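Please keep the structure in view while reading the numbered points.

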Amino acid sequence: MTFFLADSNKPIKTERKNYGGSQLVYVKNPHLDLMDEDILYHLDLGTKTHNLPAMFGDIKFVCMGGSPNRMKAFAQFMHKELGLKGDAKDMTDICAGTDRYCMYKVGPVLSISHGMGVPSISIMLHELIKLLHHAKCCDVTIIRIGTSGGLGIEPGCVVITDKAVDSFFKPQFEQVILDKVVVRSTELDQELAEELLECSREIEDFPTLVGHTMCTYDFYEGQGRLDGALCSFSNEKKLEYLKRAYDAGVRNIEMESTVFAAMCRLCGLKAAVVCVTLLDRLEGDQITASHEVLVEYQRRPQQLISMFIKKRLGLWNQKELLDNAVV
Ligand code: R2B
Ligand code: URA
């Protein structure tokens, strides 16, 4: 697949080196084959109403985050970073027919919002994964770029998740199916995490580290906060729990990573989670940084992912290309 830069006819090739064959996106549902039409209701897309292979067949990177505004900003940023033709401001929301999620396509990059929490991201992922499957996409890398609460690290750090764990620090996601609990592994792609860490070494503007990410079903009691409408534990109990989480390797807390990791893994997608921390939960519960500081923090995962995508596309700086050239 080839895209063209705005200022030249220099092509952007999206083939990956050393990949060892194309990896398709799987759906593990025999019922889908029996359906005449698949309506992706929450995305306002469908197999009969839209030509999904034509619209999305060239997607190689899917980046997602909770907020629609942030994912629009990411799409506009990527448009500039990839030097694509046209005005980024004219970018249209592919899911404009619904206000559940937003979606923007920037060359081989899809930027999509997922809302807050496991149920919201899970609905979006079911439909997104079917979309990538119907569109016959291959070799797709999927990354959640989000916000989180840090644990024992400076606010503003970027955490690349090596393990997404539940509230008991276990690397698993429990899905209730009919009246049974099905336990799914939340293993993420370790090579991808290492590649991202390698990219981060070239960014001096903010610290990036690798650690476990704890995913909870709630922002307040579920994350051991004392400042919700309900709270039945002491500050001592809260700190004892958070310190145990730290000792188990947890460096940040958010609300989507386990189901994201579990679903992507089952469907053959190489997945990563990259979140900035807005506060250190060992120091407090309330997010007190100014709006400007929070906006800048939220750009950090975007900067890292932009560098990663540009490197994969062979668009990273000339010096590095020369340094790595085989003579
Ligand atoms: C991080 O931030 C949101 C809660 O404020 C939630 O979506 C998450 O994972
Ligand atoms: N998002 C979370 O889920 N928790 C925090 O503490 C901050 C952002």
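1. Basis of the model. The model is predicted: local features need pLDDT of at least 70, side-chain atom pairs count only at pLDDT 80 or more, and totals for chains, interfaces and linings use all residues. Residues are numbered from 1 along each chain as its sequence is written, chains are lettered from A and ligands numbered from 1 in the order in which they are written, and side-chain values use heavy atoms, with hydrogens and water left out.

2. Helix 2. Helices (H or I, at least four residues) and strands (E, at least two) are DSSP runs, numbered from the N terminus. Helix 2 covers residues 68–81, 14 residues in total, and extends 20 Å between its first and last C-alpha, close to the expected 20 Å. The expected span is 1.5 Å times one less than the number of residues. At the start of helix 2, a side-chain oxygen of Ser67 comes to within 3.3 Å of the backbone nitrogen of Asn69. Just after the helix, Gly83 adopts a positive phi of about 65°.

3. Burial of helix 2. Buried means under 20% relative accessible area, exposed over 50%, and partly exposed in between (1.4 Å probe, protein chains only). In helix 2 the buried residues are Arg70, Met71, Phe74, Ala75, Met78 and His79. Their cover includes strand 5 (61–65), strand 6 (103–106), strand 7 (109–113), strand 8 (141–150) and helix 7 (291–312).

4. Helix 3. The end C-alpha atoms of helix 3 are 24 Å apart, which agrees with the 24 Å that its 17 residues should span at 1.5 Å a residue. Because 12 of these 17 residues are buried, helix 3 is largely enclosed by the rest of the structure. Among the buried residues are Val118, Leu125 and Leu128, and also Glu127 and Lys130. Just after helix 3, Lys136 has a positive phi of about 60°.

5. Nonpolar cores. A nonpolar core is a set of buried Ala, Val, Leu, Ile, Met, Phe, Trp, Tyr and Cys residues joined through side-chain atoms within 4.5 Å. The largest has 41 residues, and Leu43, Val62, Met64, Leu125, Leu128, Leu132 and Ile142 have the most contacts inside it. At least two residues of this core come from each of helix 1 (52–56), strand 5, strand 7, helix 3 (118–134), helix 6 (257–266) and strand 14 (270–280). Helix 3 supplies the largest share, 8 residues. Apart from this core lies another, of 40 residues, including Ala88, Leu196, Tyr297 and Ile305. In soluble globular proteins, nonpolar side chains tend to be buried together.

6. Ligand 1. What surrounds ligand 1? A residue is near a molecule or strand if one of its heavy atoms lies within 4 Å of it. The residues around ligand 1 are Met116, Arg144, Thr147, Phe219, Glu254, Met255 and Glu256. Oxygen atoms of ligand 1 lie 3.2 Å from a side-chain N or O atom of Arg144, 3.1 Å from a polar side-chain atom of Thr147 and 2.8 Å from a polar backbone atom of Met255. Taken alone, ligand 1 exposes 260 Å², of which the protein buries 81%; these areas come from the Shrake-Rupley method with a 1.4 Å probe, and for residues only the protein chains shown count as cover.

7. Ligand 2. The shell around ligand 2 includes Thr147, Phe219, Gln223, Arg225, Glu254 and Met255. A nitrogen atom of ligand 2 is 2.8 Å from an N or O atom in the side chain of Gln223, and an oxygen atom of ligand 2 is 2.7 Å from a polar side-chain atom of Arg225. Taken alone, ligand 2 exposes 240 Å², and the protein buries 93% of that. Strand 8 gives the most to this shell, with 3 residues.

8. Thr216. Thr216 is found in the loop between strand 12 (208–215) and helix 5 (235–247). Thr216 is buried, at a relative accessible area of 1%. Its side chain reaches the backbone oxygen of Asp218 at 2.7 Å. Contact means heavy atoms within 4.5 Å; leaving aside neighbours within four places in sequence, Thr216 is in contact with Ser167, Gly222, Gln223, Ile253, Glu254 and Met255.

9. Leu294. Leu294 lies in helix 7 and counts as buried at 17% relative accessibility. Leu294 and Gly156 are 138 residues apart in sequence and 8.4 Å apart in space, C-alpha to C-alpha.

Key. Polar contact = N/O pair within 3.5 Å; in protein donor to acceptor, adjacent residues only side chain to side chain.
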